[in-house]
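Open the model in your viewer and keep the selection panel at hand. This tour goes stop by stop, saying what to select and what is there.

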Amino acid sequence: MVAQQNLALHAPLTGVYVAIANIPDPVFAEKMVGDGCAIDPTSNLLVAPFDGTVTQLHDAKHAVAITHASGIEVLLHIGLDSVALKGQGFKTKVALNQQVKTGEPLIEFDADYIATHAQALMTEIIITNSDQVERFEFTNKALVQQGETLFSMTLASAANTADASAVAEHAESASTESATVVLPNPQGLHARPAAVLVEAVKKSGCQVTLTRGDNTAKANSVVALMGLGTKRADHLVLTVTGSDAAKHLADIKGVIDAGLGESFAPLTEAELAAPVAAPAVEVTQETPLIGVKEKVAGQLAGVAAAPGLAIGEAFWLQTELPEYPATAADSAAQAKRLKDAITQSDRQLEQLIADNAGKSQAEIFTAHRGMLADDDLSQSALAALQSGASAEAAFAKAIDAQVQILTATNDPLLAGRAADLRDLEGRVLKNLLGVAIEVTYPANCVVVAKDLTPSVTASLDTDKVLGFVTEVGGASSHSAIIARALGLPAIAGLGSDIADIKASDKLMIDGQAGTVRINPSSEQVDALLTAKKAREAKLAQAEQAASEPANLKDGRHIEVMANIATAADAAKGLTKGADGSGLLRTEFLFQDRQTAPTEDEQFDSYREILAAMPGKPIIIRTLDVGGDKPLSYLPLPEEENPFLGERGIRIGLNRPSILRTQVRAILRAHAKCGNAKIMFPMIARVEELVAAKAVVLEEAQNLGVQACDVGIMIEVPSAAMIADQLAEHAEFFSVGSNDLTQYVLAMDRGHPKMAAFADGLEPAVLRMIAQAVKGAQKHGRWVGVCGGIASDPEAVPVLIGLGVTELSCSVPVIPEIRAIVRQLDEATCSQVANAALVATDAKAVRALAAKVIG
Amino acid sequence: MGLFDKFKKAAAEPAKATVAPVISELQQLFGGEANVVDMRSCAHSRVRIELASPVSVSDEQLPKPFVAVHQIDSNLVHLIAQQDVSTLGLPSVR
């Protein structure tokens with residue numbers, strides 16, 4: 001006897017329980033999608049009702065399906081007719097194929113927007129394969145709380161569910177027919193038309209699929225049909241297999257042509273015409289007119305991935321795998337091969353962990369072992385094996401799916417972990433194909449490769465390998481981390497130039513500068529060694545003198561401060577000689593939590609940080625987030641261009657309670673410690689500053705404490721242009737050079753092609769800073785810089801020459817910046833600044849500055 | 001004014017919707033006419049109320065068929081009924 005399985009579904013929302021028959025849409029009420037219920041929500045975050053995998057995430061973000069390990073699939077559909085909102089009002093919190101735990105956020109929604117723009121807000125919770133449920137037991141409460149059991153299910157035993165034999169029986173007299181259909185539905189196959197199609201398919205008793213491009217869905221599943229992501233006028237291939245297939249094909253096509261229960265505008269001739277494939281575009285690699293890296297004969301430039309200097313012979317490492325068959329006839333044998341290869345890989349990893357005990361490599365291999373044991377990976381591989389894939393292809397496909405999830409997050413750190421999955425893929429495939437994993441390296445070599453996986457990097461024989469260079473990768477990849485741990489210099493991202501390196505070339509690599517010199521002369525080797533020694537000595541000297549005042553030769557003091565986020569940063573800043581902090585970022589207090597920090601919580605944090613730099617000024621910037629980095633408890637609508645949207649002080653002005661709470665906490669901390677200043681980010685207009693400053697004055701009065709100095713970030717061009725007006729109200733300015741640069745130059749600093757030009761030393765940016773200084777001086781205000789250029793040695797004489805009196809830098813470079821200040825004088829800085837303002841570009845400015853800082 | 005003129009005048013005036021008594025109850029609950037800035041039906045089962053100043057009302061205080069208060073922000077609430085509220089005579093948001 002087979003034991004029956006029970007499964008509880010937990011309420012994904014708080015709200016009013018609605019029995020399925022009372023849902024005001026017959027598609028749901030008549031259980032055409034499946035059995036379940038709805039909740040009219042009083043909360044606005046849809047969470048997972050059980051552990052499972054996200055198997056469907058609609059493009060319009062209003063619906064998500066989760067599949068439990070038992071195979072039970074629940075469709076969570078927010079609102080009725082909400083597909084027409086085209087994603088407006090919804091924010092997804094998960095990616096397709098992601099594993100979720102009960103209670104994990106899925107979709108956040110703007111309840112008022114949806115309630116006022118859709119037919120209903122009630123959210124349907126439907127088991128789409130309810131034929132696999134023998135009995136449902138629903139809650140009897142009128143109001144349900146998120147997380148409590150909404151209904152429990154007794155799952156049907158396998159014998160009771162329709163099995164493959166039924167299809168086989170049916171298939172005896174089966175034939176297959178297919179036809180192209182043009183979808184007339186305005187919003188494609190969303191829940192309602194999909195349910196009507198499923199009904200028609202079920203009536204036919206045939207196996208029916210619908211294909212859009214490369215994707216095919218079984219037409220007996222609403223969720224699978226929604227997953228096709230169809231749109232009006234899509235040309236779809238309808239395939240029917242069964243007895244009398246031609247008749248059923250015609251019937252089902254008729255139902256689709258009739259709009260699947262929805263009204264629609266007739267398809268136009270253009271829509272009905274078969275889509276013409278776009279002509280293949282031949283992509284030719286053109287040399288850009290600007291921005292081409294100057295090639296120094298015999299030298300390649302890449303990303304500095306791990307510091308150090310090495311001279312050795314180039315050793316090209318081949319990392320390509322031999323070809324393997326995509327399919328195999330015997331899935332059982334393939335499954336065994338894969339299992340053996342996984343076991344073998346696991347043992348290798350176990351050995352590597354033991355060999356590298358206590359080192360960072362061991363942690364990485366431990367993570368690899370965890371990935372190898374992941375259920376999702378094995379289930380995905382198993383599914384591919386069952387559909388006829390070879391062991392190699394099945395594992396590669398399973399890895400591909402996981403890599404897609406990671407890269408879809410758009411989180412560079414997670415995307416970087418995709419390299420670990422590829423590493424794991426290489427290990428398992430090599431074991432499957434019998435390819436040796438160990439490599440024999442020649443003595444005194446520099447490894448050259450397209451990319452190095454963490455496994456290969458960690459297994460480099462450091463007695464023979466002196467460093468490595470790669471075509472792709474960056475400074476934050478695992479191979480770079482391992483290289484730093486191994487003390488191996490490394491350069492990544494050489495691009496196609498890497499082909500210039502021939503086997504046995506002599507390579508001189510400078511992991512700090514990110515350069516590779518091919519076959520250097522002995523003079524070049526000597527020169528590099530000498531320069532490095534000199535720089536190391538200079539930095540050591542700067543560290544020793546860190547606590548000495550940062551005064552120009554002719555006496556004027558320049559405040560060299562620390563950019564900080566925590567009390568630990570503040571303490572570290574002090575050890576590096578910081579005169580205080582020119583930027584305390586407060587975002588960390590607000591992130592990674594479900595509710596906003598209270599005034600007391602903030603007060604405690606600010607007081608701790610202020611106390612860590614006793615007697616030294618700390619400029620506290622108010623919350624600087626936006627649509628690009630929303631907080632979970634602060635729903636911000638997705639914006640087409642978040643950098644021009646609601647961010648910085650705009651959030652505080654639109655939600656004064658957040659600003660008031662933070663200001664009160666800062667004022668209270670200032671009253672205790674006496675060394676805080678408040679700085680508002682993203683001020684663009686006088687009215688904004690006046691309103692924000694009024695909050696400070698009002699709250700100081702409410703608290704009965706002294707108001708502290710109030711300043712603003714100069715990071716929007718308009719603020720620089722009206723600096724004289726803003727200076728009437730602000731006690732100081734601090735230039736946020738990163739944002740100012742991207743707004744002045746209209747260049748996204750993260751854009752792969754633009755980033756190299758988005759230099760804060762471009763004369764246009766410097767003119768903005770000069771304008772800000774002029775405006776500030778009119779009212780006797782001071783100007784600092786807390787953006788990236790404050791940490792840039794070449795910017796120091798230029799900024800001081802422009803009239804900047806405070807530089808707030810990243811902590812490690814403080815001693816170096818202080819040392820540079822001490823070697824400069826007023827007149828030299830003025831000359832450099834005046835020349836910089838009329839220079840043609842940042843490169844010319846840097847050349848001017850380099851001359852005076854040595 | 002003759003009877004015919006009265007008919008014509010009545011026809012020219014916009015028809016006044018008959019508002020269900022429960023709506024008046026809700027209005028009182030949320031501070032009366034002075035505090036209820038706007039009240040409309042939406043989303044099949046909801047009444048959307050914009051308030052001049054916040055009022056705290058619990059689910060238990062709601063008259064039938066309303067069963068839950070959905071606080072959108074301090075001055076905006078949705079009241080959820082277990083039925084279609086479009087028949088209560090309120091103007092609709094859509």
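**Stop one: a buried loop residue**

Select T622(A), which lies in the loop between β29 (618-621) and α19 (649-654) of chain A. Helices (H or I, at least four residues) and strands (E, at least two) are DSSP runs, numbered from the N terminus. This is a predicted model, in which local features need pLDDT of at least 70 and side-chain atom pairs count only at pLDDT 80 or more, while totals for chains, interfaces and linings use all residues. Residues are numbered from 1 along each chain as its sequence is written, chains are lettered from A and ligands numbered from 1 in the order in which they are written, and side-chain values use heavy atoms, with hydrogens and water left out.

Is T622(A) buried or exposed? T622(A) counts as buried, at 2% relative accessibility. Buried means under 20% relative accessible area, exposed over 50%, and partly exposed in between (1.4 Å probe, protein chains only).

Now show what touches T622(A). Leaving aside neighbours within four places in sequence, its contacts include T586(A), I649(A), L659(A) and F680(A). Contact means heavy atoms within 4.5 Å.

**Stop two: salt bridges in chain A**

Select R668(A) and E599(A). They form a salt bridge, with the closest N and O atoms 2.8 Å apart. R668(A) sits in helix α20 (residues 656-673) and E599(A) in helix α18 (residues 599-612) of chain A, so the pair ties together parts 69 residues apart in sequence. A salt bridge is a side-chain nitrogen of Lys or Arg within 4 Å of a carboxyl oxygen of Asp or Glu. E599(A) is buried, at 19% relative accessible area. R668(A) is partly exposed, at 23%.

A network of salt bridges links E599(A), D600(A), R660(A), R664(A), R668(A), E698(A) and E699(A).

Next, pick E794(A) and R846(A), whose side chains meet in a salt bridge (2.9 Å, N to O). E794(A) is in the loop between β33 (782-785) and α26 (796-802) of chain A, and R846(A) is in helix α29 (residues 842-853) of chain A, so this pair ties together parts 52 residues apart in sequence.

**Stop three: a helix and a strand**

Select helix α10 (residues 375-386) of chain A. Its twelve residues should span 16 Å at 1.5 Å a residue, and its end C-alpha atoms are 16 Å apart, which agrees. The expected span is 1.5 Å times one less than the number of residues. Among the buried residues of α10(A) are L377(A), A381(A) and L385(A). After α10(A) comes G388(A), with a positive phi near 100°.

Move to T154(A), in strand β14 (residues 149-155) of chain A. T154(A) is buried, at 9%.

**Stop four: where the chains meet**

Show chain B beside chain A. The contact takes 19 residues from chain A and 18 residues from chain B. Select T42(A), D112(A) and T116(A): they supply 30% of the area that chain A buries against chain B, more than any other three residues. Buried area is the accessible area (1.4 Å probe) that two parts lose on being put together, summed over both. The two chains bury about 1400 Å² between them.

Finish on D40(A) and R46(B). They form a salt bridge, with the closest N and O atoms 2.9 Å apart.
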